[in-house]
Amino acid sequence: MLENSVNQNMKVSFQNEDNKDLAGLYINFAKPGSLISDVSLTIKEGRRSVKSLQRSEKIMKILSTILLYVIIVFLALIVVFPFYWMIITSLKSNDEIRASTQTFFPTVVMWENYIEVFRTFDFTTYMVNTIVVAIFSTLGTLITTIFAAFAFARLNFAGKNSLFMVFLATMMIPGEMMVISNYITVASFGWVGLDADLMDAYLAMIVPFWVSVFYIYLLRENFRQIPNELYLASKVDGKSDWNFLWKVMVPLASPTLISITILKFMGTWNSYVWPNLVANKSEFRLISNGLRSSSFTDIEGNPLYGYQMAATVIVTVPLFLLFVFFRKYIMKGVGRAGIKG
Amino acid sequence: MDNSNIEVNKFEKLESKILINNQKLESKETSSLNDKQIKALEVENEYLKNIIETNKTLDKEKEEYVDSLKDDFNVVVVSRRNKDYVYNYNGLKNVKDDDAKNNWKAWLYLAPVLVLMAVFLIYPLIDTFFISFMKDYNYVLRTYNGFTLDNYGFILGLTEINGGYEHRVIDYAIPNTLIICFITVPVSIIIALLISVGLNSLKWFQKILQTIFFLPYVTNTIAVGMVFAVIFDRNGVINWIFGLDKDWIKGAARWDAMLPLCIYIVWSSLPFKILVFLSGLQGIDKQYYQAAQIDATPKYKVLTRITVPLLSPQILYIMITSFIGGFKEYSSIVGMFNNPGTADGDYSLYTVVYYVYDRMKDNKVHYAAAAAVLLFLLILLFTALQFAVSKRRVHY
């Protein structure tokens, strides 16, 4: 029976702990305290028992897990290395940065770099500009997004689906197609130019970014998940669409709205191209433009990397703080982009 | 469908109660029921019959009312409290509410988006297209000398304008853009795929490591570009680790500068890809892997035969978005190099987008527009190609 059902190389035998074959022995199973405790069933495959095969498989599994962890951790270290290097370089003296032997920790911690950067780099102005632009472009985007997503998710009108397809199709168009003409448009509004003041520059940096098709798509998906019964119930209670939107849908979709807010804020913090075009005075600049256009060089024109890196740390830290506090919302918002394919 | 059935079920309890009462009444001689009890049973039966009757007439009324509406809708929901509110199955239409009323309401909700899109998206799109054909366009005065194809001819190095040929697009911008795309997109997709498969199989610290790999997403492109410039400096840490004495950034040869640039682009594009792949991997049914395990399938085969095909929608999505991203590479070059010049020429790090912005700054908006339209066409072509090629290979 056994020989038929298992591999031909397999042999079933009774052995005691010294591997002595007990095949010929008479074992009295009925009698307590007999040989039974010394006997184990061993199944062999080739020369090795399955038990030892299982053991080696287990060892291989542990080894490969360790190897996997080593590789992943190594790659993670490579990924965070630029951040580490940014921080330690910002704390090094210029001589140490240029030395032929690189050090992985500053021999003398130069906090002076930061003091110097705060003195020369107009951080406060750039920061205020960035925050003002971020707040107002986020608010505008939220309002337009909520309205449009509500119309697409709840209301009925002729050509709804085809209009939404047109919206989605615009996501494929590279922004560069619009930048040229938008620049001319905002210039004709008087928002850019020699006599443009800070308010004009703000408007030029805020208004063109009040629409985001991607966020409309994201919020519409979320609105559609809100059960129909809620809408019917509120209708029966005599609530208007407007009330339903603000009292029921917006609170229920608040996680998505938080994601949108943070992503939009990060987008403004990182925006470089458009502000670089429209903010033609240094006091209008946003943080990225301020960073790139500030020169950290000594009299001979050699770059002062210590100062430069201190400035980049100052620019990066607020983003990291945002990430620490809102990690869940950021990763969810970004990740949602891929789920639907 | 089977309304009578529902009716029976609805009153089943009440009717059975009546039956039991009747049985009790019939056997009143044999049992020891007194007059009071018999009276009570009779009253109860009367009462129950009344309830059933009333309900049935009410239901009939409602059915008739719903039937009268059935010409318009398949399924009708009637509010119990207020018969003014009747909804069709989709729950979207209020019958009393005029369709048209809701229609203009919807357009009102869409108005802000539509106005902004018209001004800052649709109009510029058409405008840019026209500008790209305008001769000597002046954006301040909005004047031009008729329409021409010369803008395209000029940027492609075919037409001579003002005694000069433009060679920077053909020599630098287009080749650089294509090289960046064809190096960084496959490399970053493969690395991201391997990392996410690795991450997905981890038991401990998965969340922490996932967060670490996401970190590059939360950065300022300009700021980290400057960090990479420091890392790849002649006296920087890369040269020191590998014992090299080479210029990568300042005064580097064109192809030497391309390497750190591509590394930076891959580094900064990894987090988004890993996030998308991981969410895709977590959606794959575990049964496939269990089946492979029973068959003792080697690991690389599990990857190529199960994981990659099941992840193909995400891979296609990532491929298309990162090709588009690659075509628009600009900020990373500004962040790292600050100007497009290398030892091999002042514009040797131009990309198409870099060219567009530089021409805008020179007030040569018509050339910028022509280059932008060219970029748009390139992106359209590559996206269409990817869709066509992937049609057979992507499993939805």
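Where in chain B does Thr159(B) lie?

**View 1. The surroundings of Thr159(B) in the predicted model.** In this predicted model, Thr159(B) lies in a loop of chain B, between helix α4 (150–155) and helix α5. Leaving aside neighbours within four places in sequence, the residues in contact with Thr159(B) are Asp150(B), Gly153(B) and Phe154(B), together with Gly164(B) and Tyr165(B). A further point of reference is Leu149(B), which is ten residues away from Thr159(B) along the chain, and the C-alpha atoms of these two residues are separated by 9.5 Å.

**View 2. The interface of chain B and chain A.** In this view, 97 residues of chain B are in contact with 100 residues of chain A. The area buried between the two chains is about 8900 Å², and carbon and sulfur atoms give 75% of that area. On the side of chain B, the residues that lose the most area to chain A are Tyr109(B), Phe120(B) and Met226(B), which together account for 9% of what that side buries. Across this interface the rule finds zero salt bridges, whereas it does find 16 residue pairs in polar contact, with both residues at pLDDT 80 or more. Helix α3 (residues 99–131) of chain B gives the most to the side that touches chain A, with 21 residues. Sorted by class, that side of chain B has 66 nonpolar residues, 20 polar residues and eleven charged residues. For the complex, the predictor gives an ipTM of 0.80 and a pTM of 0.77.

**View 3. A salt bridge within helix α4 of chain A.** The structure holds eight salt bridges over all chains, and one salt bridge is formed where the side chains of Glu116(A) and Arg119(A) meet, at 3.0 Å from N to O. Glu116(A) and Arg119(A) are separated by about one helical turn, because they stand three residues apart in helix α4 (residues 112–120) of chain A.

**View 4. The two domains of chain B.** Chain B is divided into domain 1, covering 3–88, and domain 2, covering 168–390. The C-alpha centres of domain 1 and domain 2 of chain B lie 71 Å apart.

**View 5. Confidence along chain B.** The pLDDT of chain B averages 83, and 88% of the residues score at least 70. Confidence in this chain is lowest in strand β2 (residues 86–88), with a mean of 52, and highest in helix α5 (residues 168–200), at 92. Over residues 1–5 of chain B the pLDDT is below 50, and the model has one contact for this stretch beyond near neighbours in sequence. Over residues 89–100 of chain B the pLDDT likewise stays under 50, and here the model has 20 contacts beyond four places in sequence. Where pLDDT is low, the predicted coordinates should not be read in detail.

**View 6. Confidence along chain A.** Chain A has a mean pLDDT of 81, and 84% of its residues reach 70 or more. Among the elements of chain A, the lowest mean pLDDT, 42, belongs to helix α1 (residues 2–5), and the highest, 91, belongs to helix α5 (residues 123–154). Residues 1–11 of chain A form a stretch over which pLDDT stays under 50, and the model has ten contacts for this stretch beyond four places in sequence. In residues 24–31 of chain A, pLDDT also stays under 50, and seven contacts beyond four places in sequence are present in the model.

Technical notes. Residues numbered from 1 in each chain as written. Chains lettered and ligands numbered in written order. Heavy atoms only, no water. Contact = heavy atoms within 4.5 Å. Buried area = accessible area lost by both parts, 1.4 Å probe. Salt bridge = Lys/Arg side-chain N within 4 Å of Asp/Glu carboxyl O. Polar contact = N/O pair within 3.5 Å; in protein donor to acceptor, adjacent residues only side chain to side chain. Helix = DSSP H or I, 4+ residues; strand = E, 2+ residues; numbered from the N terminus. Nonpolar A, V, L, I, M, F, W, Y, C, P; charged D, E, K, R; others polar. pLDDT = per-residue confidence, 0-100. Domains from an automatic or database assignment.
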